[in-house]
Amino acid sequence: MLDRIRDLKEKFKADISRVKTLPEVEKIRIKYLSRKGEVAELFARLKDVNATDRPKIGKVLNELKTHLGRELENLQSGLQRKTDKKALDLTLPGRRPFTGRKHPLTKILDEIKTIFMGMGFRIEDGPEIETDYYNFEALNMPKNHPARDMQDTLYITEDIVLRTHTSPVQIRVMEQSKPPVRIIAPGRVYRRDTPDASHSPFFHQVEGLVVDEGINFGDLKGVITAFAHKMFGSDIRVRFRPSFFPFTEPSAEYDFICVFCRGKGCRVCKNTGWVEISGAGMVDPNVFDYVNYDSEKYTGYAFGMGIDRIAMLKYGIHDIRLFFENDIRFLEQF
Ligand SMILES: [Zn+2]
């Protein structure tokens, strides 16, 4: 009986040395350890062994059963690991991890900041939820002033509004500091507008303000022209047209020569050769009175520009809504 057990052990050893796949392991398990397997058969013969030796042989048989079971288990988990490794094909090219990028408006704002910081401007910030006083009154637009009709305002209460422009930052900065002032104030602004290709109920502006002794309209023209050259190229011409804003006097709208056709006339500039940018002017002395600046001693200029507008011109985008739809297919082009 002990010889039979030894033979079976040898046979088993030879069998598992040839195994290469998981189904083969299962076949061997059935051959040796199933209810009608070779080990069970040996157990069945136990009754033929004489009574004295039976417990000893029984113990050896039990050990054999445990040994075979453990060997098969090891074999199985070894093969399983190999199969898993094969599923992980190390020769495949790596997947590129998803990386974000700057929004086109942020990129343009970064460029705008760099250009103005290069000309000695400091960057200022102000609240988007603003009081009527800062948004209108201190900018020379008292209650019931007709100029308020130029801006479709989102009122929260009678005295609190979502700011309609970045100009309130002018007042906040002048209240807190004495001249000279040389700042830009970028930020989000709100209007009660129905969205279309060129309107959005919120958009982005950059406010510029310079106050010092002897500042004149020529300085304003110089700064705007320098900006146009740095942003769109040194052949960009700038023109100023008389206009009206309550907080500047004189006031102007300024245009750049069309950045697409360079003045020849195209669909974007409606064949005029010019594209409107924004408004500017000399700070109205009344505004200086609100912040206790001596309007006999100091003069200043202010200008605005739409960040969205500049980005649309720079990248050739014809619909402002694209900036805010968060469509990855659009955003990943920048
Ligand atoms: Zn054009």
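Hi everyone, let me start with a definition: a salt bridge here is a side-chain nitrogen of Lys or Arg within 4 Å of a carboxyl oxygen of Asp or Glu. Our model is predicted, so local features need pLDDT of at least 70 and side-chain atom pairs count only at pLDDT 80 or more, while totals for chains, interfaces and linings use all residues. Residues are numbered from 1 along each chain as its sequence is written, and side-chain values use heavy atoms, leaving out hydrogens and water.

By that rule we get 17 salt bridges. R45 pairs with E41, with the closest N and O atoms 3.8 Å apart. The two sit 4 residues apart in helix α3 (residues 38-45), so about one helical turn separates them; helices are DSSP runs of H or I, at least four residues, and strands are runs of E, at least two, numbered from the N terminus.

Next, D132 and K143, whose closest N and O atoms are 3.3 Å apart. This pair links distant parts of the chain, 11 residues apart. D132 is buried at 3% relative accessibility, whereas K143 is partly exposed at 40%. Buried means under 20% relative accessible area, exposed over 50%, and partly exposed in between, with a 1.4 Å probe and protein chains only.

Now, the inside. A nonpolar core is a set of buried Ala, Val, Leu, Ile, Met, Phe, Trp, Tyr and Cys residues joined through side-chain atoms within 4.5 Å. The largest has 52 residues, and F116, F256 and F303 touch the most other members. Helix α8 (residues 217-232) gives the most to this core, with 7 residues. Apart from it lies another core of 24 residues, including A138 and V211. Thanks, all!
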